[in-house]
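Please look through the sequence and the structure shown below, and keep both in view while reading this report.

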Amino acid sequence: MEVIRGTAHASFPLTEQSRLGEARRHATQLAREAGMDDVDAGRVALVATELATNLLRHAREGRLLVCRHEATVELIAIDQGPGIADLGRSLADGYSTGGTPGTGLGAVRRLADDFDITSSVPQGTVALARIHAGRVRRASGAHALCAGAVSLNAPGESVCGDAWCIAHDGERGSILLADGLGHGPMAAEASAAAVEVFAKDPFADCRTFVQQAHARLRATRGAALAVMHLDAAAGVVRYAGAGNVLGRLISGVSDRSLVTQHGTAGLTIRTVEPAQVEWPQHALLVAHTDGIESRWQAQTLVPLLQRDPTLAAAVLLRDHCRGRDDATVVVMRRKD
């Protein structure tokens, strides 16, 4: 079984040249913290530079998101347009329209261990790149599911009041998403306590988990939370929770909401009532906190059903982040 505790992304709006250096230095520092050698840290710096330069020169409201997951540095470039009309040409190694020091998105794709991109005119572009220490991918080949997430602090906060954690075990997956009340350090403390409970037994019965989290969070300000168990073999999703953490199953032909009960873990919850729904073969499971607008169109993610889940999470955050609270999106799907 593999358990991944999520971390929030640092966000660097690319409004002026100085922010490029700031983003590159932060990414390089994360590479060192991940135990990367000079070669891998150099790859991180080059990818950060190229993505940030593209945003600075060509994009509207561009920003670079950077985080570390264990021995991996993840970079996500997001903008609000104008989009790339000929994505294939832009991905050709050596192609650059702005005289950048690298060789454009082709270089990013070549340097990164994982790369994915989506773009539309005039909505904009989202590009995802990951660099793993030693070019060694996470040992997830035995798992039938893959997941990704994007998480941002509330404006002006140094920590994120949301927390997420995922687990993989063969054909089973499990997701926890928690939203501490308010934002800032005390909200982060509450959501981190929920992760502690979840990580001890990620596949515990949903009712049992919510009850245990409720008891543990009594020493905190409390949190909205949801736990979701995905069974690829049985084709079902089991879930439970309290508060306004939302879930949806999105496919090309269906859109189903996963609604949990009212309440706040650690303060007041009703009798826990787990539920179960069918999981269509090609559906994405999307979970998000209330920092994301709830009334988004499923069609937004349909073109990304078979793409990297983090790409779908980033597109949803770009288009529907409220911008005044912590915001987190977690996406899980079956592997191809």
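## A residue to begin with

Is Phe209 buried or exposed? In this predicted model, Phe209 has a relative accessible area of 3%, and because buried means under 20%, Phe209 counts as buried.

## The helix around Phe209

Phe209 is one of the buried residues of helix H6, which spans residues 206–216, and the others are Cys206, Val210, Ala213 and His214. When H6 is seen down its axis, these buried residues fall within an arc of 130°, and therefore they line one face of the helix.

The cover over the buried residues of H6 includes helix H5 (185–200) together with strands E9 (172–180), E10 (223–231), E11 (236–242), E14 (263–264) and E15 (268–269).

## The aromatic pair

A search of the whole structure finds 1 aromatic pair. Its rings belong to Phe198 and Phe209, whose centres are 6.0 Å apart and whose planes stand at 85°, so the pair is edge-to-face. The pair links distant parts of the chain, since Phe198 lies in helix H5 and Phe209 in helix H6, 11 residues apart. Phe198 is buried as well, with a relative accessible area of 0%.

## Charges over rings

Rings also take part in another kind of arrangement, in which Arg172 lies over the face of Phe203, at 4.0 Å from the ring centre. Likewise, the charged end of Arg334 sits over the ring of Trp279, 3.9 Å from its centre.

Definitions and conventions: Residues numbered from 1 in each chain as written. Predicted model: local features only at pLDDT ≥ 70, side-chain atom pairs only at ≥ 80, totals over all residues. Heavy atoms only, no water. Buried < 20%, exposed > 50% of the residue type's maximum accessible area, 1.4 Å probe, protein only. Helix = DSSP H or I, 4+ residues; strand = E, 2+ residues; numbered from the N terminus. Arc of directions from axis to C-beta. Contact = heavy atoms within 4.5 Å. Phe/Tyr/Trp six-rings, centres within 6.5 Å; stacked < 30°, edge-to-face > 60°. Lys NZ or Arg CZ within 6 Å of the ring centre and 35° of its normal.
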